Amino acid sequence: MSIGILGGSFNPIHRGHLSLAQNLIDQQILDEVWLMVAPLNPLKRGQEENIAPFRHRFEMAQLAASHYRNVWVEDFESLLLPPYYTYNTLTALTKRFPFLHPHLVMGADNWKLFPQWYKHEEILKEYPIVVYARPGVDIDKQGAPSTVRFVETELYDISSTRLRDMIRRGEDTSEWLPDYIRNYIDSWGLYRPKSE
């Protein structure tokens with residue numbers, strides 16, 4: 001069974017994340033996708049004030065994944081000690097689940113940044129990687145290791161950053177946020193200006 005690990009802050013989770021996961025399953029690229037909610041992305045240090053508490057991000061992801069087939073949410077990374085590097089997470093996962101051979105799922109934007117990742121060469125040697133397209137991001141596929149698979153999926157022209165801005169401005173987010181996620185956000189007052 002091929003398990004894809006799609007890590008992220010999911011701040012908040014949106015239809016782009018979920019449709020991507022389901023698309024990878026429907027195309028039989030992966031059997032399951034595990035959404036690995038990150039306590040804090042090491043590449044986003046200094047942006048903590050923009051990130052909702054882990055508990056809320058995890059609960060929103062669980063709510064959302066319950067509506068999709070073979071998409072699961074994991075808090076495994078929150079049980080590890082910081083810093084939360086992907087290599088450490090993958091290593092701990094394979095120690096905990098010896099028969100699990102995870103595929104790392106990432107967008108083309110992260111693939112371009114991949115040389116900055118902690119122990120990226122070890123990740124390339126030890127784990128297969130699935131890279132999906134991102135709007136406006138061109139990547140050079142030449143010379144990539146055979147363990148890296150570039151896949152065609154729908155392009156999702158949305159980001160959690162943009163959605164947070166839309167929420168702050170009181171704009172309609174229904175195209176990208178299911179009602180149950182927007183209701184959760186509103187009920188907890190997430191992503192609102194501090195003055196509210």
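**Figure 1. Overall size of the predicted model.** The protein has 196 residues, and because a compact globule of that length would have a radius of gyration near 16 Å, its 17 Å agrees with that expectation. The radius is taken over C-alpha atoms, and the globule rule is 2.2 Å times the number of residues to the power 0.38. Along the principal axes, the C-alpha trace spans about 50 × 35 × 30 Å. This is a predicted model, in which local features need pLDDT of at least 70 and side-chain atom pairs count only at pLDDT 80 or more, while totals for chains, interfaces and linings use all residues. Residues are numbered from 1 along each chain as its sequence is written, and side-chain values use heavy atoms, leaving out hydrogens and water.

**Figure 2. Helix H3 and its cover.** Of the 196 residues, 46% are buried, meaning under 20% relative accessible area with a 1.4 Å probe, protein chains only. In helix H3 (residues 86–96), the buried residues are Tyr 87, Thr 89, Leu 90, Thr 91, Ala 92 and Leu 93. Their cover includes strands E1 (3–8), E2 (32–37) and E4 (103–107), along with helix H5 (120–126).

**Figure 3. Contacts across the sequence.** Among contacts (heavy atoms within 4.5 Å) between residues at least 6 apart in sequence, 67% join residues at least 24 apart.

Key. Buried < 20%, exposed > 50% of the residue type's maximum accessible area, 1.4 Å probe, protein only. Helix = DSSP H or I, 4+ residues; strand = E, 2+ residues; numbered from the N terminus.
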